[in-house]
Amino acid sequence: MGYRIALNFEDGATRFIDCNAGEKVLDAAYRQQVNLPMDCSDGVCGTCKCRCEQGKYDLGDDYSEETLTEDETEEGFVLTCQMVPCSDCVIRVPVPSTACKLAPAEHSGEVSALELVSDSTIVFKLKLDRPETLSFLPGQYVNLGVPGTSQRRAYSFSSKPGAAEVSFLIRNVPGGLMSGWLTHEAKPGARMSFIGPNGSFFLRAVTRPVVMLAGGTGLAPLLSMLEVLTDEGTDQPIHLIYGVTRDDDMVEIERIEALAARLVTFTWTMTVADPESAHPLKGYVTHHLSDVHLNGGDVDVYLCGPPPMVEAVRAFLRDKGVAPAHFFYEKFAASEAVPA
Ligand SMILES: Cc1cc2nc3c(=O)[nH]c(=O)nc-3n(C[C@H](O)[C@H](O)[C@H](O)COP(=O)(O)OP(=O)(O)OC[C@H]3O[C@@H](n4cnc5c(N)ncnc54)[C@H](O)[C@@H]3O)c2cc1C
Ligand code: FES
């Protein structure tokens, strides 16, 4: 039996490889033209040291303890020249993908659905040409090309991995290049391409309560994670607080309700910042983040939204003196102009 190994590089790029039963990660990577850093391949030099963020594995006892200390193994550090996976794994590689001679992975497809679900938000789906070539971790993003231009924009998948059709939840930025194309020109059947997957904002193994905080379309990667959690099931409480600016920004409510109906440990609430809102809960997500949810710090927090919201939540936790066991966040910053 083989395993799927996600290699998450320093520059945010992720590449998946297959590892056969009993095969070392370094050998599997080379077999699939991924030149991971290495020198001795004997567990002595430490050049191949990476960190395994998820999954089970065996390191054997043929490596030097000076190269990989006991403290390091406890923190998840591994030598890929010794590591034999016993499950699917996610490995953080401390060099850029280009240093491993990896060309960016490009995927293409056609627009299969496009809906302006409110003035501020667009939901769109892409039917992939070769779905079997795309793997990603729930929560990751891609750089989508704006058709007819040489520009790319970053968007997170709101769909779960493994489907032939991927979906996105996109803020309609006034005057925005991609926003303008999607609202004025895009039609079902239009061709699009993207590069990725990228990013280290992805769902880790759930071993304690989880709090998810979404600001606006920052809901997208959390939906992808929730789809996976719902399919796999968990005994741990998962609580989502979804904050938007105006009533009009509330989207995907039916989808969240359907997830809550399927996953009994999942609860959620939403809040609108606009004081004029008709919604019963008002204010920012931090106004509705209780001590019960923070569980004395024994909680994994996933936070995604515009940069000021992410900073506000970080300051809130700092001022409260709460240091979550894990704190993962993604800032939906305005994309730099990224040439295609
Ligand atoms: C890792 C990552 C993942 C992302 N995922 C998503 C996602 O799933 N959904 C989503 O809606 N957005 C997401 N974003 C944000 C998205 O990439 C930008 O909003 C995007 O630039 C908008 O493209 P555009 O062509 O419509 O506007 P642009 O032509 O890029 O921008 C037009 C003008 O609006 C400003 N602007 C652009 N975006 C924003 C913004 N978000 N807030 C304030 N001002 C802005 C620009 O500075 C510029 O002045 C993500 C960003 C990052 C970094
Ligand atoms: S390559 Fe030298 S320790 Fe792995």
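Let me start with a definition: a residue is buried when its relative accessible area is under 20%, exposed when it is over 50%, and partly exposed in between, using a 1.4 Å probe and protein chains only. By that rule, 49% of the 340 residues of this chain count as buried.

A word on what you are looking at, before we go further. This is a predicted model, where local features need pLDDT of at least 70, side-chain atom pairs count only at pLDDT 80 or more, and totals for chains, interfaces and linings use all residues. Residues are numbered from 1 along each chain as its sequence is written, chains are lettered from A and ligands numbered from 1 in the order in which they are written, and side-chain values use heavy atoms, with hydrogens and water left out.

Now the overall picture. The chain has seven helices and 19 strands; these are DSSP runs, with helices being H or I of at least four residues and strands E of at least two, numbered from the N terminus. The C-alpha trace spans about 65 × 50 × 35 Å along its principal axes.

How about contacts, meaning heavy atoms within 4.5 Å? Among contacts with a separation of 6 or more, 70% come from residues 24 or more positions apart.

On to the aromatic rings. Rings of Phe, Tyr and Trp (its six-membered ring) pair if their centres lie within 6.5 Å; planes under 30 degrees apart count as stacked, over 60 as edge-to-face and the rest as tilted. That gives seven aromatic pairs. One of them is Phe124 with Phe168, stacked at 5.2 Å centre to centre with 25 degrees between the planes. Phe124 sits in strand S9 (residues 121-128) and Phe168 in strand S12 (residues 165-171), so this pair ties together parts that are 44 residues apart in sequence.

Next, please find strand S13. Pro197 belongs to that strand, and a cis peptide bond, with omega about 10 degrees, joins Gly196 to Pro197. In the loop between strand S13 (191-198) and strand S14 (210-215) you will find Thr207, which is exposed at 55% relative accessible area. Its C-alpha is 7.2 Å from that of Gln236, 29 residues away in sequence.

Let's move to Asp274, in the loop between strand S16 (266-272) and helix H6 (291-294). Asp274 counts as partly exposed, with 24% relative accessibility. Leaving out residues up to four places away in sequence, Asp274 touches Thr245, Arg246 and Lys282. Its C-alpha is 7.8 Å from that of Asp247, 27 residues apart along the chain.

Finally, which backbone angles are worth a look? Glu252, a residue other than glycine, has a positive phi near 60 degrees; Glu252 is in the loop between strand S15 (238-244) and helix H5 (253-262). Asn295, also not a glycine, has a positive phi near 50 degrees. Asn295 lies in the loop between H6 and strand S17 (300-305), and at 35% relative accessibility Asn295 counts as partly exposed.

Technical notes:
Contact = heavy atoms within 4.5 Å.
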